[in-house]
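Let's take a friendly walk through this model. Have a look at the sequence and the fold, then read on.

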Amino acid sequence: MNVLSALMAVIEDRRANPPEKSYTTKLFNGGVPKIGEKIMEEAAEVVEAAGEEGDEGRQHLIYEAGDLIYHLFVMLGHKGIALEEVEAELGRRFGVSGIDEKASRPQK
Ligand SMILES: N=c1c2ncn([C@@H]3O[C@H](COP(=O)(O)OP(=O)(O)OP(=O)(O)O)[C@@H](O)[C@H]3O)c2ncn1[C@@H]1O[C@H](COP(=O)(O)O)[C@@H](O)[C@H]1O
């Protein structure tokens with residue numbers, strides 16, 4: 001299991017068995033307005049970090065991207081959407097554009 005799948009599994013477990021002292025539980029309790037507010041906040045921080053130069057800016061962007069992905073996954077978990085459903089949607093787009101064919105074609 002990769003890290004993204006493992007993170008989603010933890011979030012889904014928090015939804016099924018919510019511990020009191022859990023940040024994810026706090027977000028679930030706030031519903032779409034609270035989770036949405038955090039996504040907007042973290043997205044703005046990603047854009048801000050992307051504008052920063054150098055290695056520090058790069059590390060900051062990676063950190064903020066982690067925060068954004070986590071909060072996006074909490075929204076998916078809250079709505080009962082599995083990561084596989086998003087993967088299927090992205091996979092479908094590869095099929096439509098044919099990008100995957102070119103990317104996976106062996107180089108001669
Ligand atoms: N990946 C994350 C993760 N990324 C960010 N955060 C939390 O997101 C919050 C973002 O910081 P902010 O300052 O914006 O928010 P805040 O002031 O703490 O809280 P708000 O009142 O603004 O909501 C911090 O509290 C971080 O701890 C995360 N909290 C949890 N996870 C993962 O979720 C798992 C389960 O966490 P719990 O549900 O807390 O057990 C953890 O083991 C981690 O793997």
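## Around the ligand

The shell around the ligand is made of Leu7, Val10, Arg14, Ser22, Tyr23, Thr24, Lys38, Asp67 and Tyr70; a residue counts as near a molecule if its C-beta atom, placed from the backbone, lies within 6 Å of it. Residue numbers start from 1 along each chain as its sequence is written. Keep in mind that this is a predicted model: local features need pLDDT of at least 70, side-chain atom pairs count only at pLDDT 80 or more, and totals for chains, interfaces and linings use all residues.

Helices here are DSSP runs of H or I, at least four residues long, numbered from the N terminus. Sorted by class, the shell has four nonpolar, two polar and three charged residues (Ala, Val, Leu, Ile, Met, Phe, Trp, Tyr, Cys and Pro are nonpolar; Asp, Glu, Lys and Arg are charged; the others, Gly among them, are polar).

## A bent helix

What happens at Gly31 in α2? There's a kink of about 125° there, shortly before Pro33; the bend is the angle between axes fitted to the seven residues ending at a residue and the seven starting there.

## One residue up close

Ala50 sits in α2. Ala50 and Leu61 are eleven residues apart in sequence, and their C-alpha atoms are 5.8 Å apart in space.

How values were computed
Helices (H or I, at least four residues) and strands (E, at least two) are DSSP runs, numbered from the N terminus.
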